[in-house]
Amino acid sequence: MSVALDRTCTVSRPEIEWAESNDPCLDYCLWPYEPRCSQSGKLRSINLLHASFQQAGAEQLVDICQAIRDAVGDFQTVWGIKQSEKGFSWELYFYDYERLQRRVSASRLIDVLSPWLSCDLAVNENSPYFMFSLNLEPETGHNLRSLDSINIYMGNAGSNVSSGLSYSLTADGLIFDNLYSFFDARNEQDDILAKMACSAHLSLDSLNPDDVLWPELVDCQTIVVANKRLCEGIYFSRVTVDQLLFFLRKTHFPAAHVAYVEKNRDRLEHLLFDVGFDYTMVEGTINITKSAYYGVF
């Protein structure tokens with residue numbers, strides 16, 4: 001399935017998308033939750049994604065997202081807005097828990113994105129992955145660019161802790177990237193601390209747990225501890241819009257981005273969000289290398 005693209009047209013700013021009463025509320029695992037209040041007069045989270053495109057001068061990415069929606073449907077794609085020293089980027093995540101009987105495959109999305117991204121990667125569709133993701137940069141869509149890597153996520157059977165494995169698929173093959181472990185934020189605090197401390201990147205004599213497990217966020221529903229090749233990661237799942245604002249300020253997202261959320265705070269209060277950051281330790285101090293938050297379209 002290919003999508004025609006007229007590269008001579010000017011991308012118009014997307015219209016505001018208002019929530020509807022029957023909109024599903026989904027976290028970054030596409031697991032449902034009840035809205036925190038009536039959705040009448042509220043905004044869908046995709047408005048935050050569109051605002052980030054505009055602020056980064058990358059409004060052409062709206063077309064890519066719309067092509068994906070046309071192909072896989074609404075509320076089937078998780079987006080992540082990421083900030084690092086390199087600036088803004090985005091990651092799109094696609095789940096299909098049917099695995100080998102999946103409807104949404106990496107090979108299908110490669111075809112959908114072919115007008116914008118050329119890709120020679122061969123995904124093993126006989127592998128029981130339940131999720132894959134790909135990265136978008138501000139330049140994506142201006143010219144035909146190469147999609148050089150796809151992230152493949154597998155289950156991790158045989159453990160009492162819910163967990164998953166992440167691999168990066170490149171021209172050189174699969175490289176193991178991350179181990180993600182999921183914990184109940186309220187009832188498994190000791191396990192979260194123990195898992196966080198199992199890190200080759202940290203010096204435990206210098207570690208203050210509150211520097212990673214921020215007290216303002218630990219009352220969320222799920223905390224994910226990620227062991228990564230070059231750093232560690234922590235994710236707080238299902239936080240309120242006020243907690244999202246705290247996170248954006250603490251991780252120094254651009255002022256315009258924070259202002260957009262502040263302005264629309266009351267129109268986003270029905271939603272829960274997912275946030276996280278990667279970190280290392282430098283001379284005994286936690287150093288955040290990347291921060292991100294997530295929604296669904």
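Reply: A residue is called buried under 20% relative accessible area, exposed over 50%, and partly exposed in between (1.4 Å probe, protein chains only). This is a predicted model, in which local features need pLDDT of at least 70 and side-chain atom pairs count only at pLDDT 80 or more, while totals for chains, interfaces and linings use all residues. Residues are numbered from 1 along each chain as its sequence is written, and side-chain values use heavy atoms, with hydrogens and water left out.

Me: Why is Ser45 called buried?

Reply: Its relative accessible area is 9%; the limit is under 20%, so Ser45 counts as buried.

Me: With which residues is Ser45 in contact, leaving aside its neighbours within four places in sequence?

Reply: Contact means heavy atoms within 4.5 Å. On that basis Ser45 touches Trp79, Leu271, Gly295 and Val296.

Me: What makes a space a cavity?

Reply: On a 1 Å grid over the protein atoms alone, a cavity is a set of points where a 1.4 Å probe fits but cannot get out; lining residues have an atom within 4 Å of a point. Two cavities of 30 Å³ or more are found in the whole structure. The largest has a volume of about 180 Å³, and of its 21 lining residues Pro24, Leu26, Ser45, Leu271 and Val296 are the closest to the centre.

Me: Which residues line the second largest cavity?

Reply: Its lining consists of Glu17, Arg44, Ile46, Arg69, Asp74, Phe75, Val296 and Phe297, around a volume of about 40 Å³.

How values were computed
1 Å grid on protein atoms, 1.4 Å probe; cavity = no way out; pocket = protein on both sides within 12 Å on 5 of 7 lines; lining within 4 Å. Points joined across faces, edges and corners; volume = space filled by probe spheres on them.
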